[in-house]
Amino acid sequence: MSHPSTVRLMSYCFRIRFRLGDHVSLGTDDAEWTFTDPGVAGQVVLLRSTPDPAVSIGAARQLSLFGSGYESEPAALEAAERWRDFFHAAFARFAIGADFGVRAPGSAFTAYGLATVGAHLGQRALNDVHGIMTFERDPPPTFVAQHFEMTVNKNPRSLRRGIEHAALMGLRLTQQQRTAFDLYSACFFLPVADARFLMLMMAVETLIEPAPRSVAARELVDTLMRTTRSSGLSEAEVRSMVGVLAWLRYESISQAGRRLASTLGEHLYAGERPVEFFTHCYELRSRLVHGELPRPSRDYVDSRAATLEHFVGHLISGPLLQAVGDE
């Protein structure tokens, strides 16, 4: 049985690494901010720049929040989630955008890789997680990361042919298509899968033009509008309800979107017909926008967004899609 003095009392820490949005600074020359943790007596939490703590908080693009001395890993995780909420609320209050890694792509060393790096550095190595991580305090760790960028090379011959065909056809885009292209292009500058997907769906919706419903359906809506106007409800309620009813004279966005998708003919997207693919994407959009739980996984949203890039591009390119095939 071990002597009490030789028993190592484990203490756990948390770390939250996050990245500030572009064109935002915390506006301070301080190297560190210290906060008192209201959930744990005597506990402090430190905010520092990452990866170089010598850089001021105001000059840093990436920051890390550290908390230590928690009695268990679940306690450290609970504290991390509390402090993330504190920062979310304060940043929202003062219009500061930041990526806390909730939907960040994963890139990590394996256990073997960490052991190899640690042996080389002579210090325990841990993955430099973007977001929340918890770990034992002792021995003190160093954080390591792998950084890579992927570039997709496009076929220059196909692109040149596409430009030449567009010129020969005298192809002009509508104002809707130009707006859709601006939204479509913006998605390529967004690192978060959810934002890319929703921007692409906005591009699709820009192209959607709901058609009028049948004469009988519109007459029914007109009857409902007349009944509402003579209902005796307040003017504000009548105006609101009539406005909603007026939209019923036209098909829904979902219906109109399926009709638009059908113009892509026999093309397949992730193995699905255009109408089927649009329907699944529209359902996913609703789940994300309305905060449905459980939240769709980042990987699933990312894979949908990758295919949606082609779907939206095909819609915008119009007749050029059929005129110039893939090579």
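This is a predicted model: local features need pLDDT of at least 70, side-chain atom pairs count only at pLDDT 80 or more; totals for chains, interfaces and linings use all residues.
## Where helix 5 meets helix 10

On the helix 5 side, the residues taking part are A193, D194, R196, F197, L200, M201, A203, V204 and L207. Their partners in helix 10 are R298, V301, D302, R304, A305, L308, E309, F311, V312, L315 and I316.

How are the two helices arranged? Two packed helices are described by the angle between their axes and the distance between the axes. For helix 5 and helix 10, the angle is about 30° and the axes are 9 Å apart. Angles under 35 degrees count as roughly parallel, so helix 5 is roughly parallel to helix 10. Their crossing is left-handed.

## The largest nonpolar core

In soluble globular proteins, nonpolar side chains tend to be buried together. Here, the largest nonpolar core has 32 residues, and the members touching the most others are F197, F278, L308, F311 and V312. At least two residues of this core come from each of helix 4 (175-186), helix 5 (193-207), helix 8 (253-261), helix 9 (274-289) and helix 10 (298-317). Helix 5 gives the most, with eight residues.

Take a look at V312. Which residues does V312 touch, not counting those up to four places away in sequence? They are Y184, L200, A203 and V204. Of these, L200, A203 and V204 also belong to the helix 5 side of the contact with helix 10.

## A second core

There is also a separate core of 20 residues. Among its members are F14, A60, W83 and F100.

## A buried glutamine in a loop

Now find Q43, in the loop between strand 2 (32-36) and strand 3 (44-50). Is Q43 buried or exposed? Buried means under 20% relative accessible area, and Q43 has 9% relative accessibility, so Q43 counts as buried.

What surrounds this residue? Leaving aside neighbours within four places in sequence, Q43 is in contact with F35, T36, D37, S68, G69 and Y70.

## The whole chain

Stepping back, you can count 11 helices and eight strands in the chain. The chain has 327 residues, of which 34% count as buried.

How does the chain come together? Among contacts between residues at least 6 apart in sequence, 67% join residues at least 24 apart.

Note on methods
Residues are numbered from 1 along each chain as its sequence is written. Side-chain values use heavy atoms; hydrogens and water are left out. A nonpolar core is a set of buried Ala, Val, Leu, Ile, Met, Phe, Trp, Tyr and Cys residues joined through side-chain atoms within 4.5 Å. Buried means under 20% relative accessible area, exposed over 50%, partly exposed in between (1.4 Å probe, protein chains only). Helices (H or I, at least four residues) and strands (E, at least two) are DSSP runs, numbered from the N terminus. Contact means heavy atoms within 4.5 Å. Axes are lines fitted to C-alpha atoms, for helices over the stretch in contact, and angles run from 0 to 180 degrees between N-to-C directions. Angles under 35 degrees count as roughly parallel, over 145 as roughly antiparallel, 65 to 115 as roughly perpendicular and the rest as oblique. A crossing is left-handed if the near helix is turned anticlockwise from the far one by less than a right angle, and right-handed if clockwise.
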